[in-house]
Amino acid sequence: MEKFRIHGGRKLRGEVTISGSKNAALPCLAATLLTAQPVILCGLPRVRDIVTMERVLETLGESCAHSGGATTVVAGAGAAHHAPYELVRTMRASVLVLGPLLARRRRARVALPGGCAIGARPIDFHLQALTELGADLRVESGDIVAEARGGLRASEVTFPRITVTGTENLLMAATLARGRTVLRNCAREPEVEDLAGLLSTMGARIAGSGTDTLEVEGVDELHGADHPVIPDRIEAGTYVIAAALAGDGVTVSGCRPDHMGALLGALREAGAVLSTDAGAVAVPPQPKPLRAVSLTTGEYPGFATDLQAQFLALMTQADGVSSVTEAIFENRFQHVLELKRLGAAIEVEGSTAEVHGPTRLDGTTVMASDLRASAALVLAGLVARGETVVDRIYHLDRGYEAMEVKLDALGAAVERFNPGRYL
Ligand code: EPU
């Protein structure tokens, strides 16, 4: 199993360029199932989850070709409609094919995702909403079997709670449903807006993009499109935090600071000095140590749960007591025990972690439990004394493109190794 070996204490300097957004790219790839024509997506990140989604599409008869930063997805002639468990269990977001398959092929068989390291994460809101659009759903041998014989029909749906992939699944389904669908209490994440942008370019009729109410006038068919995905605000946020933690003048470029308001606000509240322009965040050498700040994660435009672990790593080096409450997922503090192995002083009570800083971190071996927890451990390793080994780096590879290469270019000492190879 691959690991990172990090020699802590090096200062980061220079510029890092952000890749395309994983969580925007995944629904955009699923949206290609809505048309018979080729869809060209530009700037997809080279990460494991994208490869998995491409494999799901290939299982469904599509082909994906890569050339010069563009991915062209071409529909196949068949009517395959089964996303098998081998793929879905490695990536829950595979469930994003459910809406498009039902809308265009009128049937879908998608394995039910099982448990998850960061919480229960059911998909009941997706299923309930699809039922309201006329789908017949049942569970058979661990798969959701869905049919919409006469095609989906428009409806008014209010999500009981904001769900990102649920909003995306229903938005895609509604584009080809008969009539005008109204979706309420929708996620407003930039990734949902990016998907709405692609769908509109494909000929969908969507109003309210970027708000919590989406209105979709169904059309008979969608056509091909050429679409650049937005930069990854979570990857960008991770490097901005790295720069605040261990930087001596870092520019995070190719990003969208306007998508990062909550993080940049929290960093400024902690006393960080930073500046932004349309496509970059500059983090100069910090004149003073950071102060502890408290926050609660929330749906966009709130503080992203996907940056909570990295922010906790930062707070281990800030002065004072920081209280971080996780309000999206019920079990997203698995990184805490690992950060404590490095010497962090963190107590978790219910959904709140209290970090007492600053503490000296000493390198040791730690284990990644999920994608963002892995990133937090890498960040902690940058400031820990001596050598930190982060095990199970495959979690990180799901969503960060070449993280060790990007960090090394900034002057960090991060090496990928696989002890198995030498046995
Ligand atoms: N929920 C339900 N029932 C549902 C759907 C959601 O109870 O049918 C609950 C979830 O269990 C959770 C909350 O509602 O407690 C919000 O979950 P949401 O559906 O919004 O999460 P998601 O769509 O499965 C996406 C991202 C996650 C990110 C969350 C929250 C993608 C592919 N995934 O997940 O990203 O944490 O939104 O912002 O977009 C990551 O990239 O590391 C990652 C986990």
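In the predicted model, Asn185 is partly exposed, with a relative accessible area of 25%. This value lies between the 20% under which a residue counts as buried and the 50% over which a residue counts as exposed. Asn185 belongs to the loop that runs between strand 11 (180-184) and helix 7 (190-201). Although Asn185 is not a glycine, its phi is positive, at about 60 degrees. Arg106 likewise has a positive phi, near 65 degrees, and is a residue other than glycine. The position of Arg106 is in the loop between helix 4 (98-104) and strand 7 (107-111), and its relative accessible area of 39% makes Arg106 partly exposed.

The bond from Tyr300 to Pro301 is cis, with omega near 10 degrees; Pro301 is placed in the loop between strand 18 and helix 10 (308-315). The bond from Gly357 to Pro358 is cis as well, with omega near -5 degrees, and Pro358 lies in the loop between strand 21 and strand 22 (365-367).

The ligand is surrounded by 23 residues, of which Phe125, Thr163, Thr165, Asp306 and Ile328 are the closest. Sorted by class, this shell consists of 11 nonpolar, five polar and seven charged residues. At least two shell residues come from each of helix 1 (22-31), helix 5 (124-132), helix 6 (164-175) and helix 12 (371-383). An oxygen atom of the ligand lies 2.7 Å from an N or O atom in the side chain of Thr163, and for the side chain of Arg121 the corresponding distance from a ligand oxygen is 2.9 Å. A polar backbone atom of Val164 is 2.8 Å from an oxygen atom of the ligand. On its own, the ligand has 830 Å² of accessible area, and the protein covers 89% of this area.

Strand 8 runs antiparallel to strand 9 (residues 143-147), and five bridges join the two. Within this pair, Leu137 is opposite Ala146 of strand 9.

Another open sheet is formed by four strands in the order 18-19-21-20, also with mixed pairing. Its edge strands, strand 18 (295-296) and strand 20 (345-349), each pair on one side only. Strand 19 (residues 320-325) is antiparallel to strand 21 (residues 352-357), with six bridges between them. Here Val321 faces His356 of strand 21.

Strand 17 (residues 280-283) takes part in two further pairings. Four bridges connect strand 17 with strand 15 (residues 247-253) in the antiparallel sense, and Val252 stands opposite Val281 in strand 17. Strand 17 is also antiparallel to strand 16 (residues 275-277), to which three bridges link it. Ser275 has Ala282 of strand 17 as its bridge partner. Strand 16 and strand 17 are joined as a hairpin through two residues.

Terms used. Residues numbered from 1 in each chain as written. Predicted model: local features only at pLDDT ≥ 70, side-chain atom pairs only at ≥ 80, totals over all residues. Heavy atoms only, no water. Pairing = 2+ DSSP bridges. Near = heavy atom within 4 Å. Polar contact = N/O pair within 3.5 Å; in protein donor to acceptor, adjacent residues only side chain to side chain. Areas by Shrake-Rupley, 256 points an atom, 1.4 Å probe, with all protein chains shown as cover. Nonpolar A, V, L, I, M, F, W, Y, C, P; charged D, E, K, R; others polar. Buried < 20%, exposed > 50% of the residue type's maximum accessible area, 1.4 Å probe, protein only.
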